[in-house]
Number of protein chains: 2
Amino acid sequence: MEAMGGMEKVDIRAATAALDEFWSQQVIGEANGNLFKVAKGSGSTNWHKHDDEDEVFFVYKGRLTIQLRTGNVELSEGDMFIVPRGVEHCPRADDEVHLLLVGPTVTSTREGGKPDWSLE
Amino acid sequence: MEAMGGMEKVDIRAATAALDEFWSQQVIGEANGNLFKVAKGSGSTNWHKHDDEDEVFFVYKGRLTIQLRTGNVELSEGDMFIVPRGVEHCPRADDEVHLLLVGPTVTSTREGGKPDWSLE
C-alpha cells in the first residue's frame with residue numbers, strides 16, 4: 001500500500017497474496033459505511049446467512065461456487081454476485097480463489113460460515 | 001447477466017464492454033446502501049468533489065490517473081483507491097480504462113466531473 005496524504009491505493013493482488021489463511025477477510029478500505037475486504041478461499045465454508053447485511057462477492061482470480069438453497073451460482077474471474085441479507089449461502093472453491101468482498105462488517109467468523117479447519 | 005431466483009451474477013467485463021459512452025456509469029447491483037457501477041473512461045474528466053459520499057475506484061482493465069490537489073495517484077489493473085468525501089479530484093485516462101465504482105449514487109453527471117464532450 002502506498003501512503004498518499006492519508007489516502008492510499010491498494011493493490012488487491014498483493015493484499016490477497018499476503019494472506020496466510022483461507023476464508024479470512026483482510027480489510028483494505030472503508031467507504032460509505034462499508035468495508036472493502038480481500039480474502040482467498042479453498043474448500044468449502046459452512047452454510048450460514050447474514051440477517052443485517054448484503055454480501056458482495058467479486059471474483060478477482062479463480063472460480064467460486066456460491067451454493068444457495070435454490071441452486072448453485074458459478075462465478076468466474078470478473079463476475080460479481082450479491083447475496084441479499086437473510087439468504088442462506090455456502091461459498092465453495094474447488095481450487096484457490098481470490099475475492100474482493102464488500103459489506104458493513106467482517107464476516108469471516110464461525111457464525112459467518114468460516115470452517116473449523118481454518119479457525120486456529 | 002443471468003437471472004437466478006431474483007439474484008443474478010454480473011460479468012463486469014461484459015457489462016463494461018456494452019457501454020457506448022465514456023465516463024457514464026452503469027449500475028450493476030445494489031447492496032447496503034451503495035451502488036455498484038461499471039464505467040469506461042478515456043481522456044480527462046473535470047475537477048469536482050462529492051460532499052456527501054466517498055467514491056471507490058477499482059481499476060479492472062487499463063490505467064487511471066486520479067489527479068488530486070496534493071498530487072497524482074497512478075492506478076493500474078487490480079488497484080483500488082478511495083476518494084474521501086469532500087476531496088477534490090479529477091480522474092484522467094490516457095488510454096481506455098475499465099472501472100468498477102462503488103458509492104451511494106450515480107456520479108457521472110456534470111456536477112460529478114463528467115466532461116461536456118461526453119454529455120450528449
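I looked up strand S3 (residues 26–31) of chain A and found it paired with strand S4 (residues 34–44) of chain A, antiparallel, over five bridges. I take helices (H or I, at least four residues) and strands (E, at least two) as DSSP runs numbered from the N terminus, and I call two strands paired if DSSP finds at least two bridges between them. A:Gln26 has A:Val38 in S4(A) as its bridge partner. Two residues separate S3(A) and S4(A) in this hairpin, and A:Asn32 in the turn has a positive phi of about 50°.

**Ground rules.** The model is predicted, so I note that local features need pLDDT of at least 70, side-chain atom pairs count only at pLDDT 80 or more, and totals for chains, interfaces and linings use all residues. Residues are numbered from 1 along each chain as its sequence is written, chains are lettered from A and ligands numbered from 1 in the order in which they are written, and side-chain values use heavy atoms, with hydrogens and water left out.

**Hairpin, chain B.** I checked S3(B) and S4(B): five bridges join them, and they run antiparallel. B:Glu30 has B:Leu35 in S4(B) as its bridge partner. This hairpin has two residues between its strands, with B:Asn32 in the turn at a positive phi of about 50°.

**Interface.** With contact meaning heavy atoms within 4.5 Å, I find 39 residues of chain B in contact with 39 residues of chain A. Of the interface residues of chain B, 100% are also interface residues in chain A, so the copies meet through the same surface. The area buried between the chains is about 3,100 Å², and carbon and sulfur atoms give 63% of it; buried area is the accessible area (1.4 Å probe) that two parts lose on being put together, summed over both. In chain B, the most area is lost to chain A by B:Met7, B:Asn32 and B:Met80, together 23% of what that side buries.

Strand S2 (residues 7–11) of chain A and S8(B) run antiparallel, joined by two bridges. Opposite A:Val10 stands B:Met80 in S8(B).

**Salt bridges.** I count a side-chain nitrogen of Lys or Arg within 4 Å of a carboxyl oxygen of Asp or Glu. The whole structure has 14 salt bridges over all chains. Two salt bridges lie between chain B and chain A. The side chains of B:Asp79 and A:Lys9 form a salt bridge at 3.8 Å, N to O.

Within chain A, the side chains of A:Arg69 and A:Glu88 meet in a salt bridge at 3.1 Å, N to O. That pair links distant parts of the chain, 19 residues apart: A:Arg69 is in the loop between strands S6 (64–68) and S7 (71–75), and A:Glu88 is in the loop between strands S8 (79–83) and S9 (89–103).

**A:Asp116.** Where is A:Asp116? I find A:Asp116 in the segment after S9 of chain A. A:Asp116 and A:Thr45 are 71 residues apart in sequence but 8.9 Å apart in space, C-alpha to C-alpha. Setting aside neighbours within four places in sequence, A:Asp116 is in contact with A:Asn46 and A:Arg110.
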